[in-house]
Amino acid sequence: MADFPTTARVVIIGGGVVGTSTLYHLALAGWTDCVLLEKNELTAGSTWHAAGNCPSFSTSWAVMNMQRYSLGLYAGLAEAVDYPMNYHVTGSVRLAHDKNRMMEFERARSMARYQGLDVEMMSIADMKDAYPFLETHDLAGGLWDPDDGDIDPAQLTQALAKGARSLGARIERFCPATGVTRDGDEWIVHTEKGDIRCEKVVNAAGYYAQRVGEWFKPYGGRTVPMTVMSHQYFLTEEIPELAAWTKAQGRKVPLLRDVDSSYYLRQDKNGLNLGPYERNCKAHWVTPDDPMPEDFSFQLYPDDLERLEWYIEDAMARVPLLGTAGVGRVINGPIPYAPDGLPLMGPMPGVPNAYEACVFTFGITQGGGAGKVMAEWIIEGQTEWDMWACDPRRYTDYTDQDYCDQKAREVYGHEYAMHFPQHEWPAGRDKKLSPVDAKVRALGGVMGAYNGWERANWFARPGDDTSEDSTHTWSRKGPWEARVREECEAVRDHVGVLDLPGFSRFKFEGPGADEWLRGLVAGALPKVGRAGLVYFADDRGRILTEMSVSREAENLFILVTAATAQWHDREWLERHMPSDAAFTMTDWTNKMSTLIVTGPASRDLMAQICEADLDLPWLSLQETAIAGGWAALVRLSFAGELGWEIHAENADIAAIYDAVLAAGAKPFGMYALNSLRIEKGYRAWKGDLSTDYSLLEGGLDRFIKLDKPQDFPGKAAIMAEKQRGVAKRFVTLIVDAGDCDAPYMSTLSYDGQIVGETTSGAYGHRVGASIALGMVRADLAVPGTQLQVNIFGEMCRAVVQEDAPLWDPLNERLRA
């Protein structure tokens, strides 16, 4: 063991495609003093039995970016590292059974075109030309992805490994990691061959990621949210007719995906490979009588083809050729699933200098991009693309194993499902309930989950259709539309109340808190007794997060941020606290809740239930008693009307809510709030506000104070950008939309060229128009400019508005 590495800059645990890609990309960036540990041979986990399909298709902007990069990398990897690979780019045909699926395809096509991919819609005739063995009588159309295909997973992994080794990185095979220890600012990774001292550790352990994650719990970690599913596919014997066609055409048939029936069908040599995602799916290693083995390297589960019977019959009807051959081989292996089906990539929540690159359901097509993203996280602490969709911190403390198991089965069984804007997935619900949850539901609340917290999306009346089926539409015209309009009108004309549990909130108290916070935010802090918005930038000047700050005393601040931002924002704040700080930070997220009381009659209502000074100006804060309990009142409203946020401890919220209702407030939900906020141009986190954009591009100039002495993160980058001018600008658009509002990342065009994208869209019931917020080329961000927005394939006129709220542009109602 004389040559065993005892020190490294980074240690990666896991030798599948993602681990080796991370090692390769670190080495490409010059970080060659890195070691990868694999308990068996490389590819021994999910990689070795993966089908190896390589689509670029996704309806997630971040995932499409990652997959696009992968396919570009794979095209030249064999030559770059001198390792031949079987990589077949056959193109793929996705089938649509109805209009809704065609609309989804149009959306994906538009996004793909923005990223430079030549994805095309297909007619029935196009599909028959591309795939002559296909039955098309009941189809609406299809989608053609010319870059799709398949790659040999083992060869891909070995190629990445060879590339990493040639650059100087180390791979230790048959060297299981057995644990980790923290020593000062360093990690010690224990193995059966010895210890390795390093700066950073990456959990890339695939379906063993949860077990590896337990090692980090003593240092602030948590149980990795994941479940291992059984994915089964089979290969047929040779099909003579297919062999003859392939020989005559000199190519394979395209990869076929019947996403409505939920399977893929791929040519494998001169046979076919059928891989369903069945509704009656099975998880493994989740019960005491099915424990996870110590080592499952290069192993499979027993065949279980009965589960696939319906899918096999459906596929044979779609491609009758499939029924002419017998089953040659069955593959039934473990695949890890996170609760939403997307991987965990980025900083390990709560643990310094530790990262996760694990729980990849589609690790082969995402592996190349994952390595790039992970290298950026590790080296730079930030990524080129906003990767929140895959960030481990998107999950917090509600993801117990029951939740993970329920969601994994749901996601697997609906792998190709359409994610409609008003649809709420039913599994794993009610993990966090407001103190008034039962009351909200009794009033007709139709609930949605936000960071595990249940909130009312809208309030139904008796007889309204609240079925899950009613939400299977891209249109805003569902049973909720009339109710949402009524809720918005109540806020506009009288007063509404929104129960808003789950706000992330952090209390900072003690000497030096003010100066420290001033050195982190881009702008100024509010004065004592006041509240305001502050923005945090990364060192590129990009939008990291937004928080509201209430200043109760000179060195006492309450920071409130989005529910889903809890672990993300807490980690950012903790990481920037000085080690010798005299002030303290307390997470009050689970201790308190919030009610929004807003509308022109809100002052009269509040006067009935408390003795606070309701003439204090906008953005003021004070304490008061309501219904026998203590409450903090902050005079602001995300709805853009006169109003207050009532912050109180959970034990007091129920009585306060009853008092507000008794005084005449109408309950409203999150759909109404979204409509109200977009009319004011208020930004939403990780939609309008993300690291894809700088603070200046986001139109947040008034929240930046470049003349203050503090060198806040991103200050130099913002000053440089201000001098050269921004490439994009934030705009509000009025859209001539039909039944559908612009979803996130709808492309904006001018004179036939893509010039930007929407970041959110909704119908504004106070202004009577469909509204989109977005980013557009800076020279086009001029009021009156007419653009086109692609909404599910329909090109709709979108007109740039003045840089002011559409509703109450002078904020007179807000300040009344």
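Entry on the largest cavity. I looked up its volume and found about 170 Å³ of space. The model is a predicted one, so I log every value as computed.

I then asked which residues lie nearest the centre of the largest cavity. They are Ser550, Glu552, Ile558, Ala632 and His647, out of 18 lining residues.

Next I checked the elements behind that lining. Those that give two or more residues to the largest cavity are strands S25 (543-553), S26 (556-561), S29 (621-626), S30 (629-634) and S31 (643-649). S30 gives the most, with 4 residues.

I sorted the lining of the largest cavity by residue class. I noted 11 nonpolar, 3 polar and 4 charged residues.

I also wanted the count for the whole structure. The search finds 4 cavities of 30 Å³ or more.

Entry on the second largest pocket. I read off a volume of about 710 Å³. Its lining has 33 residues, and I listed the closest to the centre: Pro347, Gly381, Arg393, Glu571 and Arg575.

Which elements give two or more residues to this lining? I found strand S19 (354-358), helix H10 (363-380) and helix H15 (566-576). H15 supplies the largest share, 6 residues.

The lining divides into 13 nonpolar, 8 polar and 12 charged residues.

Key: Residues are numbered from 1 along each chain as its sequence is written. This is a predicted model: local features need pLDDT of at least 70, side-chain atom pairs count only at pLDDT 80 or more; totals for chains, interfaces and linings use all residues. Side-chain values use heavy atoms; hydrogens and water are left out. On a 1 Å grid over the protein atoms alone, a cavity is a set of points where a 1.4 Å probe fits but cannot get out, and a pocket is an open set with protein on both sides within 12 Å along at least five of seven lines; lining residues have an atom within 4 Å of a point. Grid points are joined across faces, edges and corners, and a volume is the space filled by probe spheres set on the points. Ala, Val, Leu, Ile, Met, Phe, Trp, Tyr, Cys and Pro count as nonpolar, Asp, Glu, Lys and Arg as charged, and the others, Gly among them, as polar.
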